[in-house]
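Below are my notes on the model, as numbered points. Please read them alongside the structure.

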Amino acid sequence: MELSQIALNQGLTFLAWATGVIVIVVGVFLVKLLYDLSTLAKNVNETSLLLNKELRPAIYELKETLEAVNSIIRSTDKGVDSLKTAVENVFGKTKMISESLFNGIMKGFVTVMGLFSKK
């Protein structure tokens, strides 16, 4: 019985030592992970500050460029509208002139036909 007691004692001692070593190894890796995460958070913070500092002027220039393009488009739109109005006026007057000429020619033709048909 004493031999089994010694074997049991040695097994429990080995289990305790192995558990202690595993807990220490896991603890070391956990501390290393926390340190790396802290460093990563600092780097991300520095990167975001740098991007904020560098991108602000670029965004401002992009805004100004878009405003300039928008102004050009508005002026072009006004020019197209005025050209459209001018073309509509020209075609409207041309239509009115052609209608009056056509009506005049038709009246003249009817009058001439009426003169020839009476004789």
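1. Val31 lies in helix H1. Helices (H or I, at least four residues) and strands (E, at least two) are DSSP runs, numbered from the N terminus. Val31 counts as exposed because its relative accessibility is 57%; exposed means over 50% relative accessible area, buried under 20%, and partly exposed in between (1.4 Å probe, protein chains only).

2. The model is predicted: local features need pLDDT of at least 70, side-chain atom pairs count only at pLDDT 80 or more, and totals for chains, interfaces and linings use all residues. Residues are numbered from 1 along each chain as its sequence is written, and side-chain values use heavy atoms, with hydrogens and water left out.

3. The chain has 1 helix and 0 strands. Its radius of gyration, taken over C-alpha atoms, is 48 Å, well over the 14 Å that the globule rule (2.2 Å times the number of residues to the power 0.38) gives for 119 residues, so the chain is more spread out than a compact globule.

4. The C-alpha trace spans about 155 × 40 × 5 Å along its principal axes. From Val31 to Lys84, 53 residues apart in sequence, the C-alpha to C-alpha separation is 75 Å.

5. Of the 119 residues in the chain, 0% are buried.

6. Leu30 also sits in helix H1, which covers residues 2-118. With a relative accessible area of 46%, Leu30 is partly exposed.
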